[in-house]
Amino acid sequence: MLHQTFRACVGLGLFLAIGIAPVWGREGVGVRSAITVSVYDDSQLGLESLQEAEQVSAGGFGDVGIEIRWLNCGVNGELTHASPECGQARFPQMLQLRFLRKARGLEPGIFGISYMNAGGDGCYSQVFVEPIEALRGQFPIGLTTLLGYVATHELGHLLLGTNSHTAFGIMQAHWGPKELESANMGGLSFYEEQREKIASRVAAGVRRNEQVMAAMASRCNVAAD
């Protein structure tokens, strides 16, 4: 969860929701992986701003060895993308990101939230635009740049799992002027240990999904015979 306490810093937090997504394995570090993110704009950002934020976020994950495939699936509850993959959720390959004007039922000033199960895996993140717009009145940073980094932070929670805040970098719990300036310059990133953990969890999840699909196909073939 990301929430605004910006006088000297911005507070970033994590909301853990139990029972959201299945638990997959974590062993091993894999090669470059591709992840699809279904994006929904319920904040009136517009496609151009959305794509600019996505480009910022894609750059952050590119450094990790993760290729993000963005599907802009809906605006204000209306589906705008015909892809059958829109709306699918399967950790770690199919994630969902929704931009909203502000949080509902949560404390004021929250910037973003991610939902995970007890095992630390999840598929759903949200980013809240209004408090991020308000921050720009206190620090000179582009809106889509900040939206992209907030999205990266929240998706980072999904890929890193629980207890993923660090003392420095993009997963830092509090961003001060130094971190915001780094974001403005395109330098706020994951650390090596985080990059390795993301790669490991993604590779393990992909293998587990492939094993499940192969087992299901085998059972179907046996039943057909």
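Visitor: Starting with Glu130, how exposed is that residue?
Guide: Glu130 is partly exposed, at 33% relative accessible area. Buried here means under 20%, exposed means over 50%, and partly exposed is in between, with a 1.4 Å probe and protein chains only. Keep in mind that this is a predicted model: local features need pLDDT of at least 70, side-chain atom pairs count only at pLDDT 80 or more, and totals for chains, interfaces and linings use all residues. Residues are numbered from 1 along each chain as its sequence is written, and side-chain values use heavy atoms, with hydrogens and water left out.

Visitor: Which residue forms a salt bridge with Glu130, the closest N and O atoms being 3.6 Å apart?
Guide: That's Arg101. A salt bridge means a side-chain nitrogen of Lys or Arg within 4 Å of a carboxyl oxygen of Asp or Glu. Glu130 lies in helix 2 and Arg101 in the loop between strand 6 and strand 7 (110-115), so the pair ties together parts 29 residues apart in sequence. Helices (H or I, at least four residues) and strands (E, at least two) are DSSP runs, numbered from the N terminus. Arg101 is partly exposed too, at 27% relative accessibility. Glu133 belongs to the network as well: salt bridges that share partners join Arg101, Glu130 and Glu133.

Visitor: How many salt bridges are there by this rule?
Guide: The count comes to 5. One of them pairs Asp42 with Arg98 at 2.7 Å, N to O. Asp42 is in strand 3 and Arg98 in strand 6, 56 residues apart. Arg98 comes out as partly exposed, with 25% relative accessible area.

Visitor: And what does Glu85 form with Arg69?
Guide: Another salt bridge, the closest N and O atoms being 2.3 Å apart. Glu85 sits in the loop between strand 5 (78-79) and strand 6, and Arg69 in strand 4, so parts that are 16 residues apart in sequence are tied together. Glu85 has 24% relative accessible area and counts as partly exposed; Arg69, at 39%, is partly exposed as well.

Visitor: Switching to cysteines, which two does a disulfide join?
Guide: Cys73 and Cys86, S to S 2.0 Å. The cut-off for a disulfide is a pair of cysteine sulfur atoms within 2.5 Å, and the structure holds 1. Cys73 is in strand 4 and Cys86 in the loop between strand 5 and strand 6, 13 residues apart.

Visitor: Why is this disulfide called left-handed?
Guide: Because the torsion about the S-S bond of Cys73 and Cys86 is about -90 degrees. Cys73 is buried at 0% relative accessible area, and Cys86 is buried at 17%.

Visitor: OK, what about Ser38, buried or exposed?
Guide: Buried, because its relative accessibility is 0%. Ser38 is in strand 3 (residues 33-42). Beyond four places in sequence, its contacts (heavy atoms within 4.5 Å) include Cys73, Glu85 and Cys86. A polar atom of the Ser38 side chain also lies 3.1 Å from the backbone nitrogen of Gly87.

Visitor: Which residues touch the most other members of the largest nonpolar core?
Guide: Val37, Phe99 and Leu147, out of 44 residues. A nonpolar core is a set of buried Ala, Val, Leu, Ile, Met, Phe, Trp, Tyr and Cys residues joined through side-chain atoms within 4.5 Å. Helix 3 gives the largest share of this core, 10 residues. Leu147 touches, among others, Leu45, Ala53, Phe99 and Ile132.

Terms used
A polar contact is a pair of N or O atoms within 3.5 Å; within protein, one must be able to donate a hydrogen and the other to accept it, and residues adjacent in sequence count only if both atoms are side-chain atoms.
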